Amino acid sequence: MEKMTQAQLKELVNEISLTYFDKPYQDSVSFNNRLRTTGGRYIPSKRKIELNPKFRRELGEEEFTGIIKHELCHYHLHIEGKGYKHRDKDFRKLLKKTGSPRFCQPLPSVEKKTTIYTYTCVACQHVYKRRRRVNTDRYRCGKCRGKLKLAEKTTRK
Ligand SMILES: [Zn+2]
Ligand SMILES: [Zn+2]
């Protein structure tokens with residue numbers, strides 16, 4: 001996916017605003033690399049939308065458009081003096097009207113991961129798989145009371 005410039009981003013947000021809200025977007029928008037799990041945010045005091053470039057890269061244009069629509073709901077309601085927060089009626093109504101998502105999809109790269117610790121008994125070689133770390137000074141092999149050692153630590157999605 002090609003990198004988007006600031007000007008292209010502004011144009012995209014304005015286009016989406018015109019298409020779904022029949023109003024232009026006249027304030028500022030930028031990519032914010034420090035956003036982690038949120039796809040975007042609207043800062044009322046600055047009248048500014050910030051978007052997470054990772055969502056565009058990992059989830060594609062369609063999901064990214066959804067995030068922009070969501071932030072535009074906050075924006076338009078805010079500048080018109082209406083209820084622009086998540087629990088406000090105006091906000092929920094506008095989300096519905098414009099087909100904007102309530103929540104954004106989590107990023108594949110930050111999805112919850114499971115770590116599996118594999119221990120083996122040094123005496124009888126029995127293998128134990130655990131979801132958490134085991135204190136090998138205290139826990140011994142269930143078969144022979146031998147000492148356990150950490151053989152492997154794997155993380156998977
Ligand atoms: Zn929101
Ligand atoms: Zn053992």
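**Pocket, metals and rings**

Guide: The largest pocket has a volume of about 270 Å³. A pocket here is an open set of points on a 1 Å grid over the protein atoms alone, with protein on both sides within 12 Å along at least five of seven lines, and lining residues have an atom within 4 Å of a point. The volume is the space filled by probe spheres set on the points, which are joined across faces, edges and corners.

Visitor: What should I know about the model itself?
Guide: It is a predicted model, where local features need pLDDT of at least 70, side-chain atom pairs count only at pLDDT 80 or more, and totals for chains, interfaces and linings use all residues. Residues are numbered from 1 along each chain as its sequence is written, chains are lettered from A and ligands numbered from 1 in the order in which they are written, and side-chain values use heavy atoms, with hydrogens and water left out.

Visitor: Back to the pocket, then: which residues lie nearest its centre?
Guide: Lys-23, Leu-77, Lys-82, Leu-94 and Lys-97, out of 13 lining residues. Helix 1 (6-21), helix 2 and helix 3 are the elements that give two or more residues to the lining. Helix 3 gives the most, with 5 residues. Helices are DSSP runs of H or I with at least four residues, strands are E runs of at least two, and both are numbered from the N terminus.

Visitor: Now the metals. What coordinates the zinc ion (ligand 1)?
Guide: The NE2 atoms of His-70, His-74 and His-86, at 2.1 Å. Donors are N, O and S atoms within 2.8 Å of the metal (3.2 Å for Na, K and Ca), and water is not among the atoms, so sites may look incomplete.

Visitor: How are those donor residues spaced in sequence?
Guide: The pattern is H-x3-H-x11-H. His-74 in helix 2 (residues 53-79) and His-86 in the loop between helix 2 and helix 3 (89-98) are 12 residues apart, and the pair links distant parts of the chain.

Visitor: Is His-74 buried or exposed?
Guide: His-74 counts as buried, at 10% relative accessibility. His-86 counts as partly exposed at 45%. The cut-offs are under 20% relative accessible area for buried, over 50% for exposed and partly exposed in between, with a 1.4 Å probe and protein chains only.

Visitor: And which atoms coordinate the zinc ion (ligand 2)?
Guide: The SG atoms of Cys-121, Cys-124, Cys-141 and Cys-144 do, at 2.3 Å. Along the chain these donors follow C-x2-C-x16-C-x2-C.

Visitor: What arrangement do the 4 donor atoms make?
Guide: It is tetrahedral, because the angles they subtend run from 99 to 117°. For four donors, that label asks for all angles between 85 and 135 degrees. The ideal angle for four tetrahedral donors is 109.5 degrees.

Visitor: Where do Cys-124 and Cys-141 sit?
Guide: Cys-124 is in the loop between strand 4 (114-121) and strand 5 (127-130), while Cys-141 is in the loop between strand 5 and strand 6 (148-156), 17 residues apart. Cys-141 is buried at 0% relative accessibility, whereas Cys-124 is partly exposed at 36%. Cys-124 also has its C-alpha 9.8 Å from that of Leu-148, 24 residues apart in sequence.

Visitor: Switching topic: how many aromatic pairs are there?
Guide: The count comes to 3 aromatic pairs, taking rings of Phe, Tyr and Trp (its six-membered ring) with centres within 6.5 Å; planes under 30 degrees apart count as stacked, over 60 as edge-to-face and the rest as tilted. Tyr-42 and Tyr-75 are edge-to-face, because their planes meet at 85°, with ring centres 5.8 Å apart. Tyr-42 lies in strand 2 (residues 40-43) and Tyr-75 in helix 2, so the pair ties together parts 33 residues apart in sequence. Both tyrosines, Tyr-42 and Tyr-75, are buried. Ring pairs link Tyr-25, Tyr-42 and Tyr-75 into a cluster.

Visitor: What about the backbone, where is phi positive in a residue other than glycine?
Guide: Asp-22 is one of them, with phi near 60°. Asp-22 is in the loop between helix 1 and strand 1 (28-31) and is exposed, with a relative accessible area of 69%. Arg-47 also has a positive phi, of about 50°. Most residues other than glycine have a negative phi.

Conventions:
Tetrahedral: all angles 85-135°; square planar, octahedral: opposite > 155°, others 65-115°. 1 Å grid on protein atoms, 1.4 Å probe; cavity = no way out; pocket = protein on both sides within 12 Å on 5 of 7 lines; lining within 4 Å.
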